[in-house]
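Reader: I would like to take a close look at a single part of this model, the sheet and the helices packed around it. Please go through it slowly, and define the terms as you use them.

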Amino acid sequence: MTGANRGIGFEVARQLGRLGYVPIVASRDRGLGMAAVERLAGVGVAAEYVGLDVTDEATVRAAAEWVDRRYGRLDALINNAAIAVDDAPPSQLPIDSFRRTFETNVIGVFTVTTVMLPLLRAAGDGRIVNLSSGSASLSLTSSDWPEEWNAAAYPSSKSAVNALTVQFATELRATAIKINAVDPGYTLTEMSPGATRTTAEAAAVVVRFATLDADGPTGGFFNAEGPIPW
């Protein structure tokens, strides 16, 4: 799982560990990653750390090789790592901020998914969860989405993640692998300090889609209540 050293990602790792999975904390910062593994151990979850920077393909491939040597498969991939740097209206956002957002939030998801896919195929019925956002919904943002957050980079990057989800689901339709985009909700994290939703509540919906039964959906966009309009 990318971005698992804090916030929603950490709580997803904790909940999956309680279900019997071995969470792999993928983090570009070894110190933060190992600290997360130690915190998980403190609550009875045996997790492992692997170095991975979603914007650095070499580290992604090295992480995949480590997982292959260690386990030979990957039961679930959770693309959680993301940045939100929108601090100005769309026309005033620095172009570099837009580019950096897509490098992490979109190209990072594409890189990790394509590199890890052989390991998910080895599991037979692997699950992929791409963390999205209600702000990715063009239906919502073009109608009743709050105007106070009119942003260019983060919402459009998550719309692109939704598009990737659909395309991968189409390619994988003949397999037992399932991939979905999930909005965990506006959650109290370092990225959104004004929220009230807990990380435990947010993680629960992610875990639900990471552990789908064989008859579960694929290629969809969901939150805790159900499908979200594209």
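Which strands does helix H7 lie across, and at about what angle does H7 run to S4?

Author: This is a predicted model, in which local features need pLDDT of at least 70 and side-chain atom pairs count only at pLDDT 80 or more, while totals for chains, interfaces and linings use all residues. Residues are numbered from 1 along each chain as its sequence is written, and side-chain values use heavy atoms, with hydrogens and water left out.

Helix H7 (residues 199-210) lies across S3, S4, strand S5 (178-182) and strand S6 (221-223), and runs at about 150° to S4. Helices (H or I, at least four residues) and strands (E, at least two) are DSSP runs numbered from the N terminus; axes are lines fitted to C-alpha atoms, for helices over the stretch in contact, and angles run from 0 to 180 degrees between N-to-C directions.

The sheet itself is open, with 5 strands in the order S3-S4-S5-S6-S7 and mixed pairing, where two strands pair if DSSP finds at least two bridges between them. Strand S3 (76-79) and strand S7 (226-227) stand at the edges with a single partner strand each, so one side of each is left without a neighbour in the sheet. S3 pairs with strand S4 (residues 127-131) in the parallel sense over 4 bridges; Leu-77 has Ile-128 in S4 as its bridge partner, and Ile-78 stands opposite Val-129 in S4.

Helix H4 (residues 95-123) lies across S3 and S4, at about 175° to S3. H4 also packs with helix H6 (residues 153-171) at an angle of about 20°, their axes 9 Å apart, and the two are therefore roughly parallel to each other, a term for angles under 35 degrees.

On the H7 side, helix H1 (residues 7-18) packs with H7 at an angle of about 60°, with their axes 8 Å apart. Contact here means heavy atoms within 4.5 Å, and the residues that meet include Ile-8, Val-12 and Leu-16 in H1 and Ala-200, Ala-203 and Val-207 in H7. By class, this contact of H1 with H7 has 9 nonpolar, 3 polar and 1 charged residues, where Ala, Val, Leu, Ile, Met, Phe, Trp, Tyr, Cys and Pro count as nonpolar, Asp, Glu, Lys and Arg as charged, and the others, Gly among them, as polar.

Terms used. Angles under 35 degrees count as roughly parallel, over 145 as roughly antiparallel, 65 to 115 as roughly perpendicular and the rest as oblique.
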